[in-house]
Every structure is written in C-alpha cells, then in structure tokens.
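I would ask you to keep the display in view while I speak.

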Amino acid sequence: MTSVPRPLGLALVLAIITQAVFQALQTFVGPVATTVRRPASLSVARRAEEEAAEGEGEGEDEPEERKPKKFKILSPFRGLDLDGDNLNNLEEWYQETISGKGGAPKGFIADLVLRSFYGEWLQNGWLTGTHVRNGPNNQANKADFQTALKNMRIAFENDYRMESQIDDGSEWIWLVACQNGGGLYLRHMKEVPFGYRPLALIKKNNIGEFFEKVNWHILYIRIHKWQLWGGKVRNFPLPIVWKQKLQQAR
C-alpha cells in the first residue's frame, strides 16, 4: 500500500477543515439588503397628508361651539278674564262672547251642546230620549246637532235644566260648564256662578242676539280657564258630603 506523503496529507486536512468552516458560516449569513431612497417630493406629500388627517381627527373630537338659537314664543290668545271680587268688566266680556257669526258650533263645543241639550222636551222641563241618535250605529247626525242647539235656546227662554233656581235680578243669564262622573256638560243660571266655570253671558231680554252673534271659539277657550271665585264666597258653593253629615248629626 502506497502511503501519502506527510506534507500533502496535512494540506488535504486543512483544505477539508477550511471548506467545513466556510459552509457553516454561510448558514447564518442572509442576503444583503439594498437601501432604496424615496424622492424628497413624495416624503413631503406624505407628511402633508398625515398632518391633514390629524387635523380632521382633532376637529371631530372637539366640534365647533355653536351659540344657541333664540326663539320668541308667543302666548296663545286667552281673551278677557273675569275678576270675581268686583266683576267690573261684564259688558266687555259679553261683547267678546258675541264677537262671532253665530250659527252652529263645531268640534268639542258641538259635542257638549249635544250631550247637554239633545232629546225631546217634556212639559215639566225634562228631556227624554237623550241617548237615542238618528245616525248610523246610533251616532249623531247633522239633524241631531241642530235639535240640540234648538233645545238649548228653548232652555234659556223657559228656564229649563237650570243649575240653580236663584235669580239675582240682574240682566244676565250665565252659561257655565259643569262636571260630574260622566264628564263635562252645560247648564245655565241667573246668578253669579261662583264655583263654576263661566263660558258666556246672555242677555235676558235679548237671547236671540247670543245665537246670532256668538263666537263659539271664545267659549272653547274659556273651557280651559279656572272656576270663578271671589271675595263674596264664604264657603264652597257646592254640597260637600262630610259637611252635610256633620250638620245632620247636630
């Protein structure tokens, strides 16, 4: 067997070791990245866009403060008011009552007249058939409303269905709104209606003027006002159950 010269063997060993080290180093070294430079104009444009976006974000977080708008609220028309302590404007209040064109009422006032005066008069001043209507499904028709308005005038002229039988001797008939468990209804009286809600004045000697010139809308406004009170009222004008029982016990 031929032996390899000693110097040549060492050279081969060194070559093999050098190759192994080189391959090991290549395993951990990656490719060299190349640096790409952006144009200066693109960087400036990008920066401007970012600043604009930041400005919009700040505007959304803090909206511009707006001053509140001022509105002028007009008070609804309420007409004249009565002072129960002196009642010194009854003539003006009456003129306001007859500031319309008369005729048949509409809407809620028409329903009140129908509820209060519809039916057929008996000789004793009572109404019969008050719940009988002539329209479809027992609803009131136009003729029923006309009948109720006609009965209202008959009641004024004949003192039918009065809330109070007292006559204070004045020139006035008072139309008032009353209330019970069934709701509102209309009555009239010949004395100052303390404790009631006055709706209209009618002259005793000229009842026709009321129906010819009445402003029904004024009556509708007065429904929303308060009852009439005054210094002359010492006690509540309507009966109170516990007071009646106390008087009976005495």
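Salt bridges come first: in this predicted model, the count comes to seven. One of them pairs aspartate 81 with lysine 225, and the closest N and O atoms are 2.7 Å apart. This pair connects distant parts of the chain, the two residues being 144 residues apart. Aspartate 81 sits in the loop between helix 2 (40-61) and helix 3 (90-97), while lysine 225 sits in the loop between helix 7 and helix 8 (241-249). Are the two partners buried or exposed? Aspartate 81 counts as partly exposed, because its relative accessibility is 31%. Lysine 225 has a relative accessible area of 11% and is therefore buried.

A second pair is lysine 190 with aspartate 159, where the closest N and O atoms are 2.9 Å apart. Here too the link is between distant parts of the chain: lysine 190 belongs to strand 5, aspartate 159 to the loop between helix 5 and strand 3 (162-167), and 31 residues separate them. Lysine 190, at 13% relative accessibility, counts as buried. Aspartate 159, at 31%, counts as partly exposed.

Lysine 213 and glutamate 209 are both in helix 6, four residues apart, which is about one turn of the helix. The closest N and O atoms of this salt bridge are 3.6 Å apart. Lysine 213 is partly exposed at 36% relative accessibility, and glutamate 209 is buried at 15%. Salt bridges with shared partners also join Arg78, Asp81 and Lys225 into one network.

Which residues of the largest nonpolar core touch the most other members? That core has 28 residues, and the answer is Met152, Phe156, Leu175, Phe210, Trp216 and Leu219. At least two residues of this core come from each of helix 4, helix 5, strand 4, strand 5, strand 6, helix 6 (207-213) and helix 7. Apart from it lies another core, of 16 residues, with Trp93, Trp172, Val176 and Tyr185 among them. In soluble globular proteins, nonpolar side chains tend to be buried together.

Leucine 175 deserves a moment on the display. Leaving aside residues up to four places away in sequence, its contacts include Met152, Phe156 and Leu219. Further contacts of leucine 175 include Leu186, Arg187 and His188, as well as Arg197, Pro198, Leu199, Ala200 and Ile202.

Next, the strands. Strand 4 (residues 172-180) pairs with strand 6 in the antiparallel sense, over six bridges. Within this pairing, valine 176 stands opposite proline 198 of strand 6. Strand 6 (residues 197-203) is mostly covered, with seven of its seven residues buried.

Helix 4 (residues 107-117) has as its buried residues Ile109, Ala110, Leu112, Val113, Leu114, Ser116 and Phe117. What covers them? The cover includes strand 2 (127-128), helix 5 (142-158), strand 5 (183-190) and helix 7 (216-223). After helix 4 comes glycine 119, with a positive phi near 140 degrees.

That brings me to backbone angles elsewhere. Most residues other than glycine have a negative phi, and most peptide bonds are trans. Asparagine 137 is not a glycine, yet its phi is positive, about 55 degrees. Asparagine 138, likewise not a glycine, has a positive phi of about 60 degrees. Asparagine 137 is placed in the loop between strand 2 and helix 5, and asparagine 138 is in the loop between strand 2 and helix 5 as well. At 74% relative accessibility, asparagine 137 is exposed, whereas asparagine 138, at 43%, is partly exposed.

Not counting residues up to four places away in sequence, asparagine 215 touches Glu96, Thr97, Ile98, Ser99 and Gly100.

Methods: Residues numbered from 1 in each chain as written. Predicted model: local features only at pLDDT ≥ 70, side-chain atom pairs only at ≥ 80, totals over all residues. Heavy atoms only, no water. Buried < 20%, exposed > 50% of the residue type's maximum accessible area, 1.4 Å probe, protein only. Contact = heavy atoms within 4.5 Å. Pairing = 2+ DSSP bridges. Core = buried A, V, L, I, M, F, W, Y, C linked by side-chain atoms within 4.5 Å. Salt bridge = Lys/Arg side-chain N within 4 Å of Asp/Glu carboxyl O.
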